[in-house]
Amino acid sequence: MSVLIENLTRHVAGGKVVLDNVSLHVPDGAFVALVGPSGAGKTTLLRAIAGLDPASSGHVEIDGRAMEGLPPRERNVGFVFQNYALFRHLTVARNISFGLDVRPRASRPSRAEIDAKVAELLALIQLPDLGDAYPQRLSGGQRQRVALARALATGPRLLLLDEPFGALDPMVRRAVRTWLRDLHDQLGLTTILVTHDQEEALDVADRLVVMQDGRIVQDADGETLDATPATPFVMEFLGETLRFPGVVSDGLFIPADTHVAPFSTNVAEGATEALIRPHEVTLLTDASGGTVKRVGRRGPLERLAVSLGERSVEIERPVEAPPSDPVVLEIAQARLFQNGKPVVEGNHPWSDAPAVLADVVPEPV
Amino acid sequence: MTSSSPLTLTRRTLFGAAAACAALAAIGRGRKASAAQALLNVSYDPTRELYADINRAFAAQWASTHGGSALAVRTSNGGSGAQARSVLEGSPADVVTLGLAYDVDMLAAHGLLATNWQTRLPHNSTPFTSTIVFLTRKGNPKGIHGWADLVRDGVQVVTPNPKTSGGARWNYLAAWGWALRQPGGTEDTARAYLKSLFAHVPVLDAGARGATNSFVQRGLGDVLLAWEDEALLAARDLGPDKFDIVVPDLTILAEPPVALVDKNVDAHGTREAAQAYLEFLYTPEAQKIGAKHYFRPVDPTAAAESASIFPAVKTFDIASLGGWTAVQKKHFASSGVFDQIYSK
Amino acid sequence: MNALAPSSPDNARRSPAEIALIAAAYAIVGLMLVLPPVLVFTEALRSGLGAALASITDPDALSAIKLTLEMTVAAVAINTSFGVLAAWLLAKYRFPGRSVLVALIEIPISVSPVVAGLVWLLLFGTQGWWGEALNRVGITIAFATPGILLATLFVTFPFVTRTLLPLMEQQGRDAEEAATLLGASFWRILWGVTLPEARWALLSGGLLTTARAMGEFGAVSVVSGHIPGLTETMPLHIETLYNGYQSVAAFSMAALLAIMAMATVGMRSLFEARMRREEPRKAETAGGGA
C-alpha cells in the first residue's frame, strides 16, 4: 500500500503553519521513519494521512486512491497511538477484535472467525494467555503490543505509528521495535513510524524523513543521511556532531581553531563550516598541538578530550594505548557547509596533499 | 481537502432531537385539567375543607340526577390574586370561586368571562359572605379589643399580603374603613394608621391559609387578622383551648363571589355541569355545609338556623368605599396607597 | 496528619482541640442533617403506621406520587441523553462561543427556581408568547404535565453535563480516534467507547438529576396550577396537605419523599465507592516497565 503526499499544507488557528508544502512518496512495503524535534510536524503529517486532521491544501493518495472527502473510518489504515488508547472497559481480546466487531452486519465475520483471528493475533504478539485480561493489568510493553494487534486485526496494509515506544523504558523499547520490524517484514506491511529518537529510526527503518518546522529537510536512508546531510541540522539531529568553523582559500580548508589540521578541498572559497562525527576524527602528533586526556569509555570506544586553546572538544576512537600529547586533530572526513548549505566536492585528506604542504602538515600518530 | 473531524454528527442526531420535541408535544395533548367528566374549581385560600364537602355532595347529586354518571370536581387553592393570575395565564378553570369581585372582574376584562357575570347569580353572585375578625392567643394576653389596639407597642400582627391574597385586601379595607369612620378620620389619618399597622406585621404570607398557619401552627405574632371562617376554624376545631376570637366594633362585610369561566367551559364543553355546580351552592344542602364550615349563608332560612354559630358584627361594605374597581386602582395597583405606606 | 497538636503519630489519645472539633462536626451534622428527617418520621407516625399508610394511598396522594415518578423518569431520561451529547460536544470540540455555552449550562443552578418557572409561564401561559397559539392547536403546556416536565428539565439540566464534562475533557480524544480509525460509527463510539469510560460519572450525574427532579418545588409550583389529583407533584401535595391542616398526611408524604431521596443518595454513594475502587487501576499511567 503506497502513500503519496503532494504539497500538503496545514494552518492552525492563529495563522501558524504546521505543515509547509510537504511532499513525500512511500512505496509499497517500505518502512519509513518520520523524525525531527518536537513541533516539526511529524505527528501532524501522520494524522493527515490517517484523516484525523484536515489539511488546508494539498493532496493525499493511498494506493493510488485520492483521500479527499474520505473519513478516517473508511481508509482502513492501522494506527497506533503514543498512549496506546486501549479501551479500558474491554478485555484484551475485545480490544483486538473491536475493528471487526463494529463492521456492519453484512460484512462482519462470524463470531468464530473473529475469535480465531484474535487468537492468531495474540500468538503473533506473543501474549497468547492474556485474552481475557483487562488492559490495566498489562505492562507498558504488553499494552503496546495489544494496540498493535488491534490495529492489525482489520487487515490494513498501511500501518501508522505515532511515537509508539515513547513511554517504554529503553530495554523494552529495543525489544519491541525489533519485533515490530520483524512483523513488518513478515506481513508485508507499509509502515510509517513517527519518532523523535534518531537511534530508533536508524535501527528500524529503511528510510528516514527528517522534518523541521513543518518541512521535510531530507528524505534518505541512514547512510546517505550520514554521509551527505542536507543541512547542519540533519547532521546534528542524527548524531553527535563536532563543528569547526573556518574558511576555504587556495584549495585548503583552514579551521579557525588552533590545533586542528587544515585539509585540502576544491570547494568554492569563502567562510565554511566543517561538521564531523567524534569517531571520524583522528589524532596526529604535533609539537605545536594541544593536550589530550581520556575522559570516558563506552564499550570498545574511549572518549578523549582535546584542548584547542579556547575550547576543548571530545572525540571517540577504539580503545588504544593512552594517547600522548601534544596532538592535533585531523578532520578531513568532515562535511562542509557554506551558508547552511552543503558543499560537496572531493575533500582530499592531507595524505594526498601535494608535497609542497609537507612542511605544513604533521605526521600521523 | 481531507475530511474534518473524525466524529461527525450524523443526521440521526438531529432526527433524535426532533423526535424528542414531537414526544413532548404529544404529551401536551394528553393530560388536560378538564375533560367532560371533571370540573376544575379555582378557589381562594381558606376554602379547602368547604369545597371538599361541597364537591362530594354535588357529585352525589349529579350522579343521582344524571343516571349515575360520575362527575369529579377538583379544587385548587391559593391566594385569590395569585389564583386569578394563574387562570389568566391558562389554568383551565371551569369555575372560579375567589375572595373578591375585583379578581373576577380582572378575568372578565381579559375576555375570560362575561362582564355582567355578577348579575348572573343571586346576591351579586355570592353564595356565602364573611367578615374580618381578630384571632388572639388564649386569654388575649395583650388585651386586644379593637383596631386601635393593633398599633400599640409590642403587638405583632399577622396578615397576608394584599398583593396576592383576597383576604389580605379585605383586612386592609376593613382597617381603612374603620379609620375613616373614626371621629376626625380623614384620608391622612387613615394612611397613617395603616402605615403603622403594617409596621407591626413581621411577615406577609401569600394567602389567607398561609397566614393562619403562621399564626396557628408556627406560633408567630400576637393577633391574626383573618376571615371569620378561618378564625372560627382555628378557634373551634384546631385549638379550642388555644385561641380567642375578638370581634372589633366595626368591620367590613366580605363578599367572596363565584363565577363561570365562559371561555373555558365552552372550550371544555362543561357549561351545563359548571352552571349546575354554581347553582348547587345556593341550595339548602350546600348552604348548610357552608355554615358548618363557618361561611355565612345568604339563604335566609339557613342563615337563621345557623345564627348562633356566628358572632354579632357591625359592618360596612365595599360599595361604601367606592366599589372594587376604584379601590383596587387607588390602593393596590402599583404605586397605590399600599405601596406608598409599606416599605420594607 | 494532625496539624492541631504536636502529638506523635503513635499517640492514640486526642488533644482537646481535636475532640472539640469532632464533637462540633457531629453536632452540626446531627442538627442540620439528621434531626429534620427524624422529625419528619416522628410526625408522620404520630397517629400510627396505619394512618400514615392510609394517607399515602389516598387517590390524590397516589396521583402525586405517580406524577413525581413520571416526571423524574422523564427528566432523567431526557436530560441524560442531552447531557451526554452536550458534554461530549463541549469536551471533544473547540468552536467559537464554546466557553459561553459552558457558562450558560450553569444558569439553571444559579437561577432561582421560581424564576425558572416564571420563564415557562412567560413563554407558554395564555398571556405569554406562544401559549394562546399552542392552545388553539390543542397543545397545552402551562398548568399541565408538559409545563411541569419543562420546569423539571430546566432545573435538572446541568447535572449530567457538569459531572461528565471534566471527565471527558481529561480523557482526551485518543480512544475515540482509535475507534473511528477502526471503523466505528459515531453512535458506536459514543455508546461503546465514550460512555463506558465515563459510566460512573454518568450514573452519578443521573442520580443527582433524580434527586433534584423528585424534590423540585419552586419552578414546578409556578407552572403547575396546584390541582390536586392532576398537576400536583409530591412536594406540591405536601404543601397542600400542610395548608389543609392535615399534618399527619403531610408528614407521611414527606417521609415517603425522604425515603426516596435517601435511596437515591445511597445509590450514589454506592456507585462512588465502586468508582473509587476502580480508580487505582485506571490511574496507572502510560509509563510502565516490561
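Chain B is divided into domain 1 (38-126 + 256-282) and domain 2 (130-254 + 314-341), with bounds from an automatic or database domain assignment. The model is predicted: local features need pLDDT of at least 70, side-chain atom pairs count only at pLDDT 80 or more, and totals for chains, interfaces and linings use all residues. Residues are numbered from 1 along each chain as its sequence is written, chains are lettered from A and ligands numbered from 1 in the order in which they are written, and side-chain values use heavy atoms, with hydrogens and water left out.

**Domain 1 against domain 2, chain B**

- The C-alpha centres of domain 1 and domain 2 of chain B are 27 Å apart. Their contact (heavy atoms within 4.5 Å) takes 16 residues from domain 1 and 20 residues from domain 2.
- The two domains of chain B bury about 1,300 Å² between them, 60% of it on carbon and sulfur atoms. Buried area is the accessible area (1.4 Å probe) that two parts lose on being put together, summed over both.
- B:Pro46, B:Leu100 and B:Tyr102 supply 40% of the area that domain 1 of chain B buries against domain 2, more than any other three residues.
- Between these domains of chain B there are 2 salt bridges; the term means a side-chain nitrogen of Lys or Arg within 4 Å of a carboxyl oxygen of Asp or Glu.
- B:Asp103 and B:Arg169 form a salt bridge through their side chains (3.3 Å, N to O).

**The domain 1 side**

- Helix 2 (48-65), helix 3 (80-88) and helix 4 (101-109) of chain B each give at least two residues to the side of domain 1 that touches domain 2. Helices are DSSP runs (H or I, at least four residues), numbered from the N terminus.
- Helix 3 of chain B has the largest share of that side, 4 residues.
- By class, this side of domain 1 of chain B has 7 nonpolar, 4 polar and 5 charged residues. Ala, Val, Leu, Ile, Met, Phe, Trp, Tyr, Cys and Pro count as nonpolar, Asp, Glu, Lys and Arg as charged, and the others, Gly among them, as polar.

**Chain C against chain A**

- The contact takes 27 residues from chain C and 31 residues from chain A.
- Chains C and A bury about 2,500 Å² between them, 56% of it on carbon and sulfur atoms.
- The interface of chain C and chain A has 1 salt bridge. The side chains of C:Glu177 and A:Arg47 meet in a salt bridge at 2.6 Å, N to O.
- Helix 9 (174-181), helix 10 (186-197) and helix 14 (247-282) of chain C each supply at least two residues of the side that touches chain A.
- Helix 9 of chain C gives the most to that side, with 7 residues.
- The side of chain C that touches chain A has 10 nonpolar, 9 polar and 8 charged residues.
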